[in-house]
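Biologist: Could we talk through a few side chains in this one? I would like to start with the charged pairs and then change topic.

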Amino acid sequence: MTTSIPPVLAEVVRSGFVEGHHRGSLVVLAADGSVELALGDPAAPVFPRSSNKPMQAAAVLRAGLDLSGERLALAAASHSGEGFHLDLVRKMLAEYGLTPGDLQTPPDLPLDPAEAESYLAAGHVRDRVTMNCSGKHTAMLAACRLNGWDEATYLDPAHPLQRLVHDGVEAAAGEPVTTVGTDGCGAPLMAISLTGLARAFRTFVLAEPGTPERRVADAMRAHPEYVAGTRRPDTWLMREVPGTLSKMGAEAVQAVALPDGRALAFKVDDGAARALGPVLARALRLLGVDAPVVDRIGSAPLLGGAERVGEVRAAF
């Protein structure tokens, strides 16, 4: 059986020498939803990882949980573990009569390296609240408490809440979920294609005001620092290009939608996070985004002797 080799999305250049490549697949949708560019195999299923979080946040709204503003943005977040993130998670837990011990997130350090260093220097240890998905898990538990659903099994794919997530992913993506796995935080993870993922983000930005999808998109775009953190590309992009919805996922997944319905999604096959910025910046330019933040996102220098000697750069 012949297997096609994914194209190179980014190359690693050191001292003028190309020393490595990052391959993957990418799709760009036009404003009308048609495929404008396809690299690799964007029709093949992937695990979107945390790029699924807007759909998960919409599910807790469909379950009747009334979240808005920073709280709803945090429900869709892979937060950096900054103080304001952790404070709001603890506040939300208390508001719904929950405790950190109710969370089934694995204990972890802050996602942001600078925050992790400060956290450890202060004598703290890995904690469930500090894990970057704790906002999502808090919202899921709150939805369970509101509905009288079993809280001990809220991460079971057969749980009523996770069925809402499953159905919401399929509706937004416009295609069936092909595989259900387990994400790093323990939550069920639904596989869809990159084209479906881009279509889902497009669905969220074009949804009617007041719908769960639009409420999530609006909260994320109004409070992007709660979706990611002060030193993260998702925050920069949503803050500096108004109306943009952006969410990365582990294993080098990224999805973005512009307010007019143009959208993109990609995955770097080897999961290298260092390729995310350069590939995202190039894809944004193909979408016609011309803003200083694109250069900032695309900068991925390589160091030698503490000096810049090269870069990771897009190759398409």
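Modeller: Happy to, with the caution that this is a predicted model. Let me begin with Asp66, which is exposed, because its relative accessible area of 61% lies over the 50% cut-off.

Biologist: Which side chain does Asp66 meet in a salt bridge?

Modeller: The partner is Arg215, and the computed N to O distance between the two side chains is 3.3 Å. The pair links distant parts of the chain, since Arg215 belongs to helix 8 (residues 212-222), whereas Asp66 sits in the loop between helix 1 (53-62) and helix 2 (69-75), and the two are 149 residues apart.

Biologist: And Arg215, how accessible is that one?

Modeller: Arg215 counts as partly exposed, with a relative accessibility of 28%.

Biologist: Why would such side chains pair at all?

Modeller: Side chains of opposite charge can pair when their charged atoms come close.

Biologist: How many salt bridges do you count?

Modeller: The count comes to 18 salt bridges. Among them is the one between the side chains of Arg145 and Glu151, at 2.9 Å from N to O, where Arg145 is partly exposed with a relative accessible area of 36%.

Biologist: What about Arg296, which residue does its side chain meet?

Modeller: The side chain of Arg296 forms a salt bridge with that of Glu240, at 3.4 Å from N to O. Arg296 is in helix 12 (residues 292-298) and Glu240 is in helix 10 (residues 233-240), so this pair ties together parts of the chain that lie 56 residues apart in sequence. Both ends are partly exposed, Arg296 at 43% relative accessibility and Glu240 at 39%.

Biologist: Changing topic, where does His22 lie, and is it buried or exposed?

Modeller: His22 lies in strand 2, which covers residues 17-29. It counts as buried because its relative accessible area is 5%, and the cut-off for that class is under 20%.

Biologist: What does the His22 side chain make a polar contact with?

Modeller: The side chain of His22 makes a polar contact with the side chain of Arg274, at a distance of 3.0 Å.

Biologist: Which other residues does His22 touch?

Modeller: Leaving aside residues up to four places away in sequence, His22 touches several residues including Pro7, Val8, Leu9, Ala10 and Val12, and also Val268, Asp270, Ala272, Ala275 and Val312. Arg274, the polar partner, is on that contact list as well.

Terms used:
Residues numbered from 1 in each chain as written. Predicted model: local features only at pLDDT ≥ 70, side-chain atom pairs only at ≥ 80, totals over all residues. Heavy atoms only, no water. Helix = DSSP H or I, 4+ residues; strand = E, 2+ residues; numbered from the N terminus. Buried < 20%, exposed > 50% of the residue type's maximum accessible area, 1.4 Å probe, protein only. Polar contact = N/O pair within 3.5 Å; in protein donor to acceptor, adjacent residues only side chain to side chain. Contact = heavy atoms within 4.5 Å. Salt bridge = Lys/Arg side-chain N within 4 Å of Asp/Glu carboxyl O.
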